[in-house]
Amino acid sequence: QVQLVESGGGLVQAGGSLRLSCAASGRTLSSYSTGWFRQVPGKEREFVASISRNSNSTYYADSVKGRFTISRDNAKKTVYLQMNSLKPEDTAVYYCAECRIWPSCKAVGSWGQGTQVTVSS
């Protein structure tokens with residue numbers, strides 16, 4: 001089905017910003033809602049944010065609310081995660097996935113390969 005590719009990760013100092021992209025090929029991105037997740041070694045993958053298929057409604061984990069913004073460009077088949085005021089605890093590998101259950105994506109479809117985000121002190 002849909003193939004998802006994350007990009008935009010990198011190294012940034014605390015307080016800085018980064019924008020991640022989740023690009024879809026094959027099935028149109030708008031066929032499903034999309035979620036962002038993050039994971040560090042030894043911990044379960046954590047939900048970060050989601051954006052709905054129909055209404056562009058958004059939903060955020062408490063840990064990122066007010067700092068991160070998820071958006072979608074249907075023409076480009078891309079979902080973005082704008083991350084501002086980054087903290088060292090945001091360091092993780094970030095993944096996007098098809099979100100099958102709104103709003104916190106308890107069931108997901110295709111995953112991307114992930115992109116590393118490192119926030120230094």
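This is a predicted model: local features need pLDDT of at least 70, side-chain atom pairs count only at pLDDT 80 or more; totals for chains, interfaces and linings use all residues.
Two strands are taken to pair if DSSP finds at least two bridges between them. With a relative accessibility of 39%, Asn74 counts as partly exposed. The C-alpha atom of Asn74 is separated by 9.8 Å from that of Ala24, although the two residues are 50 apart along the chain.

The bridge partners include Leu20 with Leu81 of strand 8 and Arg19 with Gln82 of strand 8. Five of the six residues of strand 8 are buried, so this strand is largely enclosed by the rest of the structure. Strand 3 (residues 18–25) is in turn joined to strand 1 (residues 3–7) by five bridges, and these two strands run antiparallel. Here Gln3 stands opposite Ser25 of strand 3.

The largest nonpolar core contains 30 residues, of which Trp36, Val48, Phe68, Ile70, Leu81, Met83 and Tyr94 touch the most other members. At least two residues of this core are supplied by each of strand 3, strand 4, strand 5, strand 7, strand 8, strand 9 (92–99) and strand 11 (115–120). The largest share, five residues, comes from strand 9. In soluble globular proteins, nonpolar side chains tend to be buried together.

Aromatic contacts were examined next. A pair of aromatic rings is described by the distance of the centres and the angle of the planes. The count comes to four aromatic pairs. In one of them, the ring centres of Phe37 and Phe47 are 5.8 Å apart and the planes lie at 75°; since planes over 60 degrees apart count as edge-to-face, the pair is assigned to that class. This pair links distant parts of the chain, with Phe37 in strand 4 (residues 33–39) and Phe47 in strand 5, 10 residues apart. Phe37 and Phe47 are both buried. Together with Tyr59, Tyr95 and Trp111, they form one aromatic cluster. Two rings of this cluster also lie under the charged end of Arg45, which sits over the ring of Tyr95 at 3.9 Å from its centre and over the ring of Trp111 at 4.1 Å from its centre.

Ala61 lies in the loop between strand 6 (58–60) and strand 7. Its relative accessible area is 13%, so Ala61 is buried. Leaving aside neighbours within four places in sequence, Ala61 is in contact with Phe47 and Val48. The C-alpha atoms of Ala61 and Ser104 are 8.4 Å apart, and the two residues are 43 apart in sequence.

Two further residues with polar side-chain contacts were considered. Arg38 lies in strand 4 and, at 6% relative accessibility, counts as buried because the cut-off for that class is under 20%. The side chain of Arg38 makes a polar contact of 2.9 Å with the side chain of Tyr94. Not counting residues up to four places away in sequence, Arg38 touches a set of residues including Glu44, Arg45, Glu46, Glu89 and Asp90, as well as Val48, Phe68 and Tyr94.

Ser50 is found in strand 5 (residues 46–51). Ser50 is buried, with a relative accessible area of 0%. A polar atom of the Ser50 side chain lies 2.5 Å from the backbone oxygen of Pro103. Beyond four places in sequence, the residues touched by Ser50 include Thr34, Gly35, Tyr59, Ile70, Cys99, Trp102, Pro103 and Cys105.

Technical notes: Residues are numbered from 1 along each chain as its sequence is written. Side-chain values use heavy atoms; hydrogens and water are left out. Helices (H or I, at least four residues) and strands (E, at least two) are DSSP runs, numbered from the N terminus. Buried means under 20% relative accessible area, exposed over 50%, partly exposed in between (1.4 Å probe, protein chains only). A polar contact is a pair of N or O atoms within 3.5 Å; within protein, one must be able to donate a hydrogen and the other to accept it, and residues adjacent in sequence count only if both atoms are side-chain atoms. Contact means heavy atoms within 4.5 Å. Rings of Phe, Tyr and Trp (its six-membered ring) pair if their centres lie within 6.5 Å; planes under 30 degrees apart count as stacked, over 60 as edge-to-face and the rest as tilted. A charge sits over a ring if NZ of Lys or CZ of Arg is within 6 Å of the ring centre and within 35 degrees of the ring normal. A nonpolar core is a set of buried Ala, Val, Leu, Ile, Met, Phe, Trp, Tyr and Cys residues joined through side-chain atoms within 4.5 Å.
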